[in-house]
Amino acid sequence: MLLWIVSGSLLLFGSFDVWYFLRATWMVVKSWFQGPVRDVLAEQVVHGRVLLHDLDFMCHMNNARYLRECDFARYAYCTRNGLFLAARALDASMLIGATTIRYRRSLAFGEAFELRTRIVAWDEKSFYLEQRFVSKTDGFVSAVMLCRQNVIRGNPQRILDHLCKRKVDCPEISEDLQHWIRFISASSQALRAESGLDDKTK
């Protein structure tokens, strides 16, 4: 019996990213019990620490782990401010359309950090989020990521109006974000042209 359990566990963990789904579920449940954040544009903070399974050969947090941590922080963010429930109520869904991360200083083994997430803007198709890794040692921004979260079967303004029960004005789009949005659009047009499609962007 024990052999079957061990074999089944090895097969499960070897073919399925179990820890990802366990951690994601935990983040949503934990955020739910922490209570709502009424200000949908407010920055939210998730605390973390670089552990052994986060390391690369240089004993720094490896590149992929930054993106993984951002995933979990967005789950918490959208749970607490109600975006997930509002989208679901409108039969809409959200998925990642683009991300760009800039690494400024590596996070070392054992180092504690804050992962700060906030909505910085939106348009007719997508939310734009900024996520910052801030070292608790000295407050240095170790990495910053921009994320485009596309809305399927809906649009951001409708979701926000439903959630807040009032008109929510989009913050002014910063110059660096405008450059990034133009880059995404240009890249999409170029790839569609290579494929022989029209020049509509996604």
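Reader: On what basis are the values given?

Author: This is a predicted model, in which local features need pLDDT of at least 70 and side-chain atom pairs count only at pLDDT 80 or more, while totals for chains, interfaces and linings use all residues. Residues are numbered from 1 along each chain as its sequence is written, and side-chain values use heavy atoms, with hydrogens and water left out.

Reader: How many helices and strands does the protein chain have?

Author: Helices (H or I, at least four residues) and strands (E, at least two) are DSSP runs, numbered from the N terminus. The protein chain has six helices and five strands, and along the sequence they follow the pattern α-α-β-α-α-β-β-β-β-α-α. Its C-alpha atoms fill a box of roughly 55 × 45 × 35 Å along the principal axes.

Reader: What share of the residues is buried?

Author: A residue is buried under 20% relative accessible area, exposed over 50%, and partly exposed in between (1.4 Å probe, protein chains only). Of the 202 residues in the protein chain, 39% are buried. Strand β3 is mostly covered, with nine of its 11 residues buried.

Reader: In what order do the strands lie in the sheet?

Author: Two strands are taken to pair if DSSP finds at least two bridges between them. Here five strands form an open sheet in the order β1-β3-β4-β5-β2, with antiparallel pairing. The edge strands, β1 (44-49) and β2 (93-103), each pair on one side only. From one strand to the next, the twist averages 25°; for such angles, axes are lines fitted to C-alpha atoms, for helices over the stretch in contact, and the angles run from 0 to 180 degrees between N-to-C directions.

Reader: Which residues stand opposite each other in the paired strands?

Author: In a regular strand the side chains alternate between the two faces of the sheet. Six bridges join β1 to β3, and Val 46 has Leu 115 in β3 as its bridge partner. Between β3 and β4 there are nine bridges, with Glu 114 partnered by Val 134 in β4; these two strands form a hairpin with three residues between them. Strands β4 (residues 126-135) and β5 (residues 141-152) are also joined over nine bridges, and Gln 131 stands opposite Met 145 in β5.

Reader: Which helix packs on the sheet?

Author: Contact means heavy atoms within 4.5 Å. Helix α6 (residues 175-194) packs on the sheet and touches β2, β3 (112-122), β4 and β5, its direction making about 55° with that of β5. As for contacts across the protein chain with a separation of 6 or more, 69% of them are between residues 24 or more positions apart.

Reader: Is Tyr 103 buried, partly exposed or exposed?

Author: Tyr 103, which lies in strand β2, is partly exposed because its relative accessible area is 36%. Leaving aside neighbours within four places in sequence, Tyr 103 is in contact with Asn 63, Tyr 66, Ser 142 and Ala 143. A polar atom of the Tyr 103 side chain lies 3.3 Å from the backbone oxygen of Asn 63.

Reader: Where is the largest pocket lined, and by which elements?

Author: Rolling a probe the size of a water molecule over the atoms shows where empty space is left. On a 1 Å grid over the protein atoms alone, a pocket is an open set of points where a 1.4 Å probe fits, with protein on both sides within 12 Å along at least five of seven lines, and lining residues have an atom within 4 Å of a point. Grid points are joined across faces, edges and corners, and a volume is the space filled by probe spheres set on the points. The largest pocket holds about 510 Å³ of space. Of its 27 lining residues, the closest to the centre are Arg 23, Met 27, His 47, Glu 69 and Phe 72. The elements giving two or more residues to the lining are α2 (18-34), β1, α3 (63-80) and β3, and α3 provides the largest share, eight residues.

Reader: What phi do Asp 91 and Arg 153 have?

Author: Most residues other than glycine have a negative phi. Asp 91 has a positive phi of about 60° although it is not a glycine; Asp 91 sits in the loop between α4 (83-89) and β2, and is exposed because its relative accessible area is 53%. Arg 153 also has a positive phi of about 60°. Arg 153 belongs to the loop between β5 and α5 (156-164) and is exposed, with a relative accessible area of 52%.

Conventions:
Polar contact = N/O pair within 3.5 Å; in protein donor to acceptor, adjacent residues only side chain to side chain.
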